[in-house]
Amino acid sequence: MSIPFLKGHGTENDFVIVPDPKNALDLTPAAVAALCDRRAGIGADGVLHVVRSAAHPEAKGMATAAEWFMDYRNGDGSIAEMCGNGVRVFARYLQHAGHVTEGDLTVATRGGVKTVHIDKAGDITVGMGRARLPEGDVTVSVGDRTWPARNVNMGNPHAVAFVADLADAGDLCAPPPFSPASAYPEGVNVEFVVDRGPRHVAMRVHERGSGETRSCGTGACAVAVATARRDGADPAATGDPATYTVDVPGGRLVITERPDGEIEMTGPAVIVAEGEIDAEWLENAAR
């Protein structure tokens, strides 16, 4: 027996896509970690488990607003609230499979229902919701260096630190220490940011549960909001949208914060392969 899968990426943030409309598969943390293993598995930053909202206990309440639920898992098997690049690849899969066409759709996530637009040129725009800016000072560290960071919540937690050089982030193999511990009781995604020009920045990120990734959509949104506030731009106060270009190691994303607080992220999403997972292998890996 075999289980179909696809592989896709958004600005090189890559995912194993597992279509499972009826939520029949038991994707344990061990199984997810095995699928994401780049040597012994397929290899990815995370898994996009594609389920009809009505079939998943966590998404039933969103079924009237969104037919499909993105049951997203980090590369280590842990559950995540949201993944911005993942939503774009999820939408591309739905288009690839014939479930949707160009235009508007909605996707249920643990971070709420997200609005998505697939344009004719190929890019996908995701409505990422509003950012929350928890109060309190936060710092992040690499080695013996420490920087102040902006606490931004995009449905998942982020610490955004502005540095002189992206190399200051080190190898990002281990989660950068942060303080105080109470700011992020379940861990945090840490972004290191440098300026590239007017409303143009570049970033590296350590994603909670995955390590350094080539891109992070929610992280790019958090970076845009943190940079806007650093620059004195607050669309809710001025009535003018703030758009930032955010370069990531895997490409480029464009982030717009509107006066109503809604944040839109635009970027590419690509399906690169389809195949089959050996069911016996996955069952053994799940133990």
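I began at Asn23, which I found in the loop between S2 and helix H1 (29-36); helices (H or I, at least four residues) and strands (E, at least two) are DSSP runs, numbered from the N terminus. I note that this is a predicted model, in which local features need pLDDT of at least 70 and side-chain atom pairs count only at pLDDT 80 or more, while totals for chains, interfaces and linings use all residues. Residues are numbered from 1 along each chain as its sequence is written, and side-chain values use heavy atoms, with hydrogens and water left out.

*Backbone entries.* I looked up the phi of Asn23 and read a positive value near 60° in a residue other than glycine. Asn23 is partly exposed, with a relative accessible area of 23%; I take buried as under 20% relative accessible area, exposed as over 50%, and partly exposed as in between (1.4 Å probe, protein chains only). Thr11, which is not a glycine either, has a positive phi of about 45°, and I located Thr11 in the loop between strand S1 (2-10) and strand S2 (13-19). Thr11 is buried, with a relative accessible area of 2%. I also checked the peptide bond from Ser179 to Pro180, which is cis with omega near 0°; Pro180 sits in the loop between strand S11 (178-179) and strand S12 (189-197). I noted these entries because most residues other than glycine have a negative phi, and most peptide bonds are trans.

S17 is antiparallel to strand S7 (residues 124-130), to which 5 bridges join it, and Thr266 is the bridge partner of Thr125; I count two strands as paired if DSSP finds at least two bridges between them. Strand S16 (residues 251-257) also pairs with S17 in the antiparallel sense, over 4 bridges, and there Met265 is the bridge partner of Ile255. The hairpin of S16 and S17 has 4 residues between the strands, and in it Gly261 takes a positive phi near 95°.

In H3, 12 of its 14 residues are buried, among them Ala220, Cys221 and Ala224. Leaving aside neighbours within four places in sequence, Ile255 is in contact with residues including Ala220, Cys221, Ala224, Ile263 and Met265, where contact means heavy atoms within 4.5 Å. Just after H3, I read a positive phi of about 85° for Gly232.
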